[in-house]
Amino acid sequence: MKALKNKKIKGLFCLAVSLLVMCSVLPSGCADNGGKQYGEGYFFDSSAPDGGDGTYSHPYNNIGVAESLDISEGESIFLKRDSYFVGSLRLVGLEGTKDNPITVTAYGEGDDPKIDGDGLEGSGVVYIENCSNLIVENLDIFDSVSTEGDRRGILLDATNPLAANENDV
C-alpha cells in the first residue's frame, strides 16, 4: 500500500512539473481569452490603467506606444474591441513575411476599436511607412473634427505587399 501511495505522489509530482515546464515555454505574447487563443504580439485597451506592459492581462492604453515596439514577423498588434483611442497609430519599417505577416487587428467582443485622429493634419490616423507583409483589419478609423484640414484615414507609404481589410475609414 505504501508503494502505491509513493507512485501516486511521484506521478502527481511529475504531472505538476510537466505542467510548469509547458507553461514556462509558451510565448509570453500568447493569451487565452475564454478559449480564444491569440498569437504573439502586443495588446492595447484604451480603458486599461497606465503602466501596462502590452500583455493580454496588462495591455498598453496608448496606441502611440506601438511606434517604439520591436515587432517581428508573425506578431500582432491587438486593439481591444469597444476601445476608443485618440491620436495616430504609426507603423514604420515593420517587416513581416508572406507566411508570417504582421497583423494589426481587433480582439475581444464588441464593436471594432475606434482610432480618432482628433484633428490630426498632414499625416494619417494610421500611418504606414516602408512596411512589408502587413495586414490591417477590423478597425474604425476616423477624425472627429468637422473643420476642413489636410486629414487622412490611412496613409500608405509602402513599396511591398499590403492588405487593408474590413476597415471603416
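Let me begin with the surroundings of phenylalanine 85 in this predicted model: leaving aside residues up to four places away in sequence, phenylalanine 85 touches Phe44, Asp45, Ser46, Asn61, Ile63, Leu79, Pro113, Lys114, Ile115 and Asp116. Phenylalanine 85 belongs to strand E5, which covers residues 84-86, and with a relative accessible area of 2% phenylalanine 85 counts as buried, because buried here means under 20%. If you look along the chain to aspartate 118, 33 residues apart from phenylalanine 85, you will find that the C-alpha atoms of the two are separated by 9.8 Å.

Now please turn to the sheet. In general, strands of a sheet pair through backbone hydrogen bonds, either parallel or antiparallel. Here we have an open sheet of three strands in the order E6-E9-E12, and the pairing is parallel. Strand E6, residues 89-92, and strand E12, residues 152-157, stand at the edges with a single partner strand each, so one side of each has no neighbour in the sheet. From one strand to the next, the twist averages 5°.

Finally, coming back to E6, its covered face carries Leu89 and Leu91, whereas Arg90 and Val92 lie on the uncovered one.

Note on methods: Residues are numbered from 1 along each chain as its sequence is written. This is a predicted model: local features need pLDDT of at least 70, side-chain atom pairs count only at pLDDT 80 or more; totals for chains, interfaces and linings use all residues. Side-chain values use heavy atoms; hydrogens and water are left out. Two strands pair if DSSP finds at least two bridges between them. Helices (H or I, at least four residues) and strands (E, at least two) are DSSP runs, numbered from the N terminus. Axes are lines fitted to C-alpha atoms, for helices over the stretch in contact, and angles run from 0 to 180 degrees between N-to-C directions. Buried means under 20% relative accessible area, exposed over 50%, partly exposed in between (1.4 Å probe, protein chains only). Contact means heavy atoms within 4.5 Å.
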